[in-house]
Structures are given as structure tokens and as C-alpha cells.
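Colleague: Hi, I have a few quick questions about this fold. Could you walk me through it?

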Amino acid sequence: MKLVSFLFNLLVIYCVFSYAEKENLKKTNKYYIISIKDSNKYSFKIQFDSDSKENKLQKRDLNNSEKFIPLGFNEVKDLLKSDHCISEIRDKNLNDTTLCDLQKESSSLFTHHGKLNILQLEKKLKPNSNFVSNQMEKLAELILRHVDSYEKDDMVTGELQNLKYKRSTTTTTTSSSSSFLKEILDSNQAFSKILRNPFNILDVSVIFAYLSEELYEIIKELPDVVSCNENVIIPFPNDKIFSITNMESIGSIGSMESMEKDKSKFVDKRASKFYDLSDIKNDTQWSDVSVRENTYNHLSLISQSKFDKNLIGQYDSNYYYPSSAGKGVDIYILDSGIDVHHADFELDTGNGYRTVSCDAMFGDKEIINQPGSSSYKNCFLEEKIKYHGSMVASIAAGKIHGVAKNANIHMVVHNRQSTGILLAYNFVKNNLKDPHKTVINLSFGSYKKIPEEVSLINSLIEMGCIVVAAGGNDNISSCTTEPRYVVSDDDNKVKTLIQEKIYPASLENVIGVGSIRNKIKETDVSSVQNLYSLADFSNYGDCLDLFAPGYAYAAYPPPNNNDKSSSDLEGYGGGSSFSAPLVAGVAASIISEHPEMTFNHSLMKKMLLEISVEGILDQSGIHDSPNNFLNIGKKTVYSANNQYKGCGIFSGKRSCSNNECCSSSTGYCGRNDDYCGSDCQSEFGYCTSSNSNNNSNGSNNNGNTTNNNDNKSNNDNSNGNNNEEQCWSLKLGYSCCPTGTKVYSTDSDGDWGVHNHKWCGIIKHSSSDSSSPYCFSEALGYPCCTNNSRVYFIGESGSWGIQDDQWCGIIGTSTYSPDNSYHCFSESLGYPCCTNNSKVYYTDKHGSWGLQDNEWCGL
């Protein structure tokens, strides 16, 4: 019996060691990403430029040892346009003139926007097909010759051993050997797992190969190999799902209604609706406004400025957004999959029809889904994480949970490995319809830089795509190369030392997104402490661009949904994976709202930052990160119970009373310099120097104020213009509006505004008043606009509106004052003045902004 027990234990030990040995051997065999280029034809390798000094120094140091001289993308563009291309080629120590030869075709290589046409350049520079075929055969030859180095690896089956034997016994000539290699490359399934078909990135061809360590050392030194890098896992951030429930009917849709001319009806409407759609439309310049009432806080937070419960009676849980809502824009989600049968992905959005599809899957196999197929509507590679893609797509563009409710959704599934992700990027590059109307969401990342990934992302961006990426969930800096530890397994137990930035979020032209801690399931966030502080999980750093809500409800796919039944499950989770699609949705909404604009990454990033809410995040938590919180373009904070305790946009655009000043940065009313100084808003309170003095000197100045008023009254009377005469609405039973009140209605009596829910008369300054804004159009034979006209055209003299079906000049927009001195506010901010007839695209506290040569300019 003892002998049996001993033999059994011996067998167990042998099995354990055998398994361990096998696993250890497998670890030395890995997939590699091999980039090849013909060394006999080219002497350069194109790479996208970086502003990093470290990278430039490294590039210079490696020039002597590399087989190919790295050539920056901007250098390529300059050479293609150069009048001295040959001499510049010599200066760069290149031994070929390929780029100079392409100058004859430069018209086809540049778009009408002056951008390099990536696809055309790729066609001209891609390695010759014969060269690629020869390289594939050479690699196949090496693999067969060293197949024994894969010993005890399940990936390398006995069939490959048989191929090696067959080749040695049946091929006697070079031609027969080549034919044999072509045959196994074209048709042998076992070999197709070891060596996969190539694709092109700019000037190189990329091949995926499963290699032993011995083969890796041989292949990386081949003369035509540009690089040979290990395939790595690129995980989704370790997002947390806290609950899965049936979706409640949260939120109803409202839309812009025309203003009633009858004043009593207008006041009644304001009483029943605490928000003002007409004012929102005027502020945002959206073509139309939609509202989803009482909805999820990840949406309501991004359609208002900072919520301060000391200023607001009850949190406004509505989501306000442009009615275009991403219509006609394609959002590509590179993720784990999607179940289109969910109610959130209905094709009929109420504003027309859209596309929601799973376009392709890239894992062990490459699957391009055809419309009408089952996988076109329900696809995933890993059951365990199939929820991730559905939730991300839902937040970006779901009809119920999403930002851009009318956008097209394209899911491209990958296997979380660099090989699958590269194929996904390449699929998007080759299949997108209009890059300037394409947003790509990447809710994944790795602390390893993959050169081919960088090239593909930059290719997409150069084409005109907007790329948004999650900043990571490790609560560390995304942007440093200092040593630090991150959790590297799904169970949060194994920690790994890293010394790299997170990619792709840290790339210069990618919009990187961090998260705030809106961790509350209710629609009302009033009880959340430190709402605008960094989420416990979120990464930070100066390479990120924006922060957005980190917790969200989203569509959750049911298990084994093979019956294609509609689902109404929703998951509640937290992670930067869910912050990034919020930004992607806002970007899509901006594009759809401005069909006349051609967007690129720099213009979109500029606009996202301009409409963001600045300075409201807890700086101690976000460290050196930019202090910008995502906003869709609507800033006014409303109170759901119509109770306000402050002023300005932070408090429903209410005005201060009792001669108090309104602080533009806080929304509080007060009398000292903090409120009445440079931070003061005259539109919502008093901002004169006398207010400041009154506050500091008390009752003595009250007497002075009275005397000043008496003097003013005497002066006005002497001119036949006293205050009561100017305030024409008093005789009609209405008070006068504070300075800066917007015009809501115009009739035979004058211009009417609304102040504290009541109509008020807007005082017109006489033309003799030196403070009256200059009306440029009268000198040109056109009247001044007397209502709150929209800007339809910007000319050399000023901005023009339309009134009574004719052009009119908008008061206060002239580029020239009566003395013809030039005014342009933007020059002091580092931006040029608009010199063409630009349209108003954005208005802030400084003035109105236009676009010229795809850059901001002051009007």
C-alpha cells in the first residue's frame, strides 16, 4: 500500500513539473509585430513627429545604428513641397529620391485643406507586393527550419513538423521550394496561425508572426526588418459594475417651443417650466434645443455649469442638448462588442434613422460582418466582458443613456491584444466614409508604447478623425515615465512596476479623459460631497485634456441573447471607460451642429476646451492636470423648484438686489472688491466704482450717493432726459431692466426683457450719450437692428442681422469706433483678428469668435 501511495505521489510530482515546464516553454514563444521595408529601395522610415525633446534626442543618437533613418511626418510634407528637394535629401543623408519623385503627383497627395492624403501617400510608398511575398516566404522558410525551437507548444502542431519533413523530401530546386512555401502560406490553416497576412501602415508592411525566442533573435536582425516588437495585452481599464437592473423609464423628451408674444402667457410659461428654452437657444446658438427631463446625472452634469447647493434650491436633473445630437456623424467604438437589440440602440431616434452595427471582429480570426447577419447585430469575442462595449456605446450615443442620441454607432471588436487592435484601427482607416465627421472612442489603454499603434492613430488623426481615449483607472499620473506600480490582473492582486505613460490617451493629438466622483445612483447629486474632485480610481496628469463624470448608467446586454429579443437591462458602473464616450458624444454633437465646418483634431480640441467649465475641479486632487470639466455648450444652472440664492449663470441668471455686485466666478452677491472688482458682472448686478466705495465707507458715502443722484437728476432735467423719461416702461406699469438684459420681445412701445419673472423695459441710450454703443450701419445706408437679432454675416464694418426682411447693423459689433480707431479684443489674448467674412461660432466673456484657416480669430 505504501508503494502504491509513493508511486502515486511521484506521478503527481512528475505531472506538476511537466506542466510547469510546458508552461514555461510556452512563455518564450510569443506573437510579434514585424514591420518590413525594402532596404534596397528606401533609406528612410516615416514616423509621426513629436514635440518631446527626449524623443528628438533619442532619434538623433540612433541615426548611426539604425538600418533606416527615421524621417518625421512633417519633414515628409516639407520635402514634397520643397523647391530644393534633392539637396535637402542629401542633407538628411538619404540615398534615395523617392519623395522627390513624388512631387510630380503632389496635387493628388494633398487635400484641398492642405492636409496630406494618407491613403494616397500609402499607395505610393507601400512596399512592392513582390517584395512582401518574398519576405513572407523568407519568414516561412526560417520558421520551418527552426520549428524544433517551438518544442512542446500546442500552437505548433505535428502538422508543422510534417510540413518540415515534406519540404525536405519533395523540394529540390529554388522554384519548387518557392511554390511549396506559397502553397502553405495560401492554404495551410495550421501555418496561418503562425504567420498572418500583412497589411500596410504608411511606408511599411506589418506582419504578425508567432516566434520562438531563437527565431525572434534571428528575424529582428534581418536587413529589411524595420522593427520587431512583442504582442502585448492592452486591457480595458478595471472598471467596476455595481448593479444590473431593469431599466426604469427615466426622463422624457422636450423640445424648443416658439416664444409667446403675449406677456402674461410668457410669465405663466416661466412659472410652469423652470428652464428657458429660448434663452438656452440664444446662449448656445444651437439650431434647436431638446431636453431629456429628470434623467441620469452623468448627462445632466455636462449640460450646466458648476452646481452649488448654496445657490440653487433644487438640483436640475435635466439633460439639455442640441436637437441635431450627432446626426450624420459616425462614432466608431473599438471595444468588446455590442448587442444592438437593446432598447438604447433603436434605429429610429425620433429625429430620423441611424445606423447601429457591429462592423468587424479581430481576434484569432478576422471577421468582417455583413449587414443582415446575426453577428452584425450581436457580437463579442469574450463572454465575460461583452458588457463593456455595449455600455461604452450606450453612453456615447444611446437613445436613452447617451449624449449624441442621433449619431451612427459602429462597433469594431478586438481581442485586447495589440495585434487585434492594430487590425481594428486599420479597418476603420480603410472603411470610414468622411473622416471629418468621424469620432473614434478608445476605452482601453496600456503603459507600453507600440510604434505601429502610434502610426495608425496619427494616420487617422491626420485624415481628419477625432480620437478620444480613456485616461486610465490606476489613480496615478498618466503622463510620466517615473517608476510606479499598477494592478495588472482582473482580481486586483498582482502589481506591476511601470515606467511609461499610458497609451493612447497620452498621445499629443488624442483627447485624453479623466473622471470625477459623481458616485450616486440618484438623478439628484446634491448629497455628493466633493462632487468635482477626482474619482478614487481616475488617473490624472498634464497630458490629459478634460474630465467628465466617472460613474454612469448604461445599456447592459443580457446573457446568451440568441433569441434576438429586445432588452431593457442597464448597468451602473464607474471608470474612465465611461468618461471617454461622454466626450466622444459631445464631439459628435458639435460636428452635427456645425455642418458648415470642416473639423480636425486641433479645432475640436480647441472647441471642447472653450465650452468646458474651467476652474471648478479640486486642483489638489487632479495635480497638474488641466482644470477643465466637460460641457456640451449650455452653462446656465437652473433650480428645479425655481428658488435661487445667487446670481448669474450659476443661479438661473438671477440678478443681485440691494445694489450688490455679482461675482462671475462664483455666482454670489456681495459688496466688497471680491464681487465689485474685475470679477463683477454688470448684467446681473451693479459694478460701478461708487458701489465699491459705498461698501467700504458706509453711511458717509450714502450721503454722497444721494448728492450724486441729485446732480445726475439736475443734469438730466437740464437736457430734458431725466431717468423716468428714459425708463419709458414705468408709465405702462413695468419697471426698467438692469443693464445688459437680453431683448425677448419688441413692440411699438420699445424693447422688452424679463427680470425676476416679470417684464421690464430696456432703456435706449440716446445717440448723444458717449457710452452708447456705436451703430456702424447707419453711415452705410442701413438701419440699426432694434431687436435681439441673430448674427447672419460678419463684414469689414461689423456684424449684420436681419429685420423686416432687410439687413440691419447689430449695435456694439463694429470693428471701428466713430473715430475710426481699430478694435480687436483677441489680439491681447494671443489670437488674430478675423480678416474674412467669418461667421460667429462661439461667444464668451471676451467677445465673439470666428474661424479663419481652421484657427480661432476675434470678430
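Modeller: Happy to! One term to start: two strands pair if DSSP finds at least two bridges between them. Helices (H or I, at least four residues) and strands (E, at least two) are DSSP runs, numbered from the N terminus.

Colleague: Good. And what am I looking at, a predicted model or something else?

Modeller: This is a predicted model, where local features need pLDDT of at least 70, side-chain atom pairs count only at pLDDT 80 or more, and totals for chains, interfaces and linings use all residues. Residues are numbered from 1 along each chain as its sequence is written, and side-chain values use heavy atoms, with hydrogens and water left out.

Colleague: Let's take the sheet with β4 in it. What is the strand order?

Modeller: The order is β4-β5-β1-β6, an open sheet of 4 strands with antiparallel pairing. β4 (195-201) and β6 (225-230) are at the edges with a single partner strand each, so one side of each has no neighbour in the sheet. From one strand to the next, the twist averages 25°; axes are lines fitted to C-alpha atoms, for helices over the stretch in contact, and angles run from 0 to 180 degrees between N-to-C directions.

Colleague: How many bridges are there between β4 and β5?

Modeller: There are 5 bridges between β4 and β5 (residues 204-211). In that pairing, Arg196 stands opposite Phe208 of β5.

Colleague: And which helices lie across those strands?

Modeller: Helix α8 (residues 129-145) lies across β1 (30-36), β4 and β5, at about 145° to β4. Helix α17 (residues 418-431) lies across β1, β4, β5 and β6, at about 45° to β4. Contact here means heavy atoms within 4.5 Å.

Colleague: Switching topic: what about the sheet with β7?

Modeller: That is an open, antiparallel sheet of 3 strands in the order β7-β24-β23. β7 (240-246) and β23 (551-555) take the edges, each with a single partner strand, so one side of each is left without a neighbour in the sheet. β23 pairs with β24 (residues 569-574) over 5 bridges, and Ala554 stands opposite Gly571 in β24.

Colleague: Which helix lies across that one?

Modeller: α16 does, lying across β7, β23 and β24 at about 105° to β23. The axes of α16 (residues 386-397) and α19 (residues 576-593) also come within 7 Å and cross at roughly 35°.

Colleague: Which residues meet there?

Modeller: From α16, His388, Met391, Val392, Ile395 and Ala396 meet Ser577, Phe578, Pro581, Leu582 and Gly585 of α19. These divide into 7 nonpolar, 3 polar and no charged. For that count, Ala, Val, Leu, Ile, Met, Phe, Trp, Tyr, Cys and Pro are nonpolar, Asp, Glu, Lys and Arg are charged, and the others, Gly among them, are polar.

Colleague: Now α18. Is that helix largely enclosed or open?

Modeller: 12 of the 13 residues of α18 are buried, so that helix is largely enclosed by the rest of the structure. Buried means under 20% relative accessible area, exposed over 50%, and partly exposed in between (1.4 Å probe, protein chains only). Among the buried ones are Glu452, Glu453, Leu456 and Met463. Just after α18, Gly464 takes a positive phi of about 125°.

Colleague: Last one: where does Phe110 lie, and is it buried or exposed?

Modeller: Phe110 lies in the loop between α6 (106-109) and α7 (118-125). Phe110 is buried, at a relative accessible area of 14%. Leaving aside neighbours within four places in sequence, Phe110 is in contact with Lys77, Leu80, Lys81, Lys115, Leu116 and Asn117.
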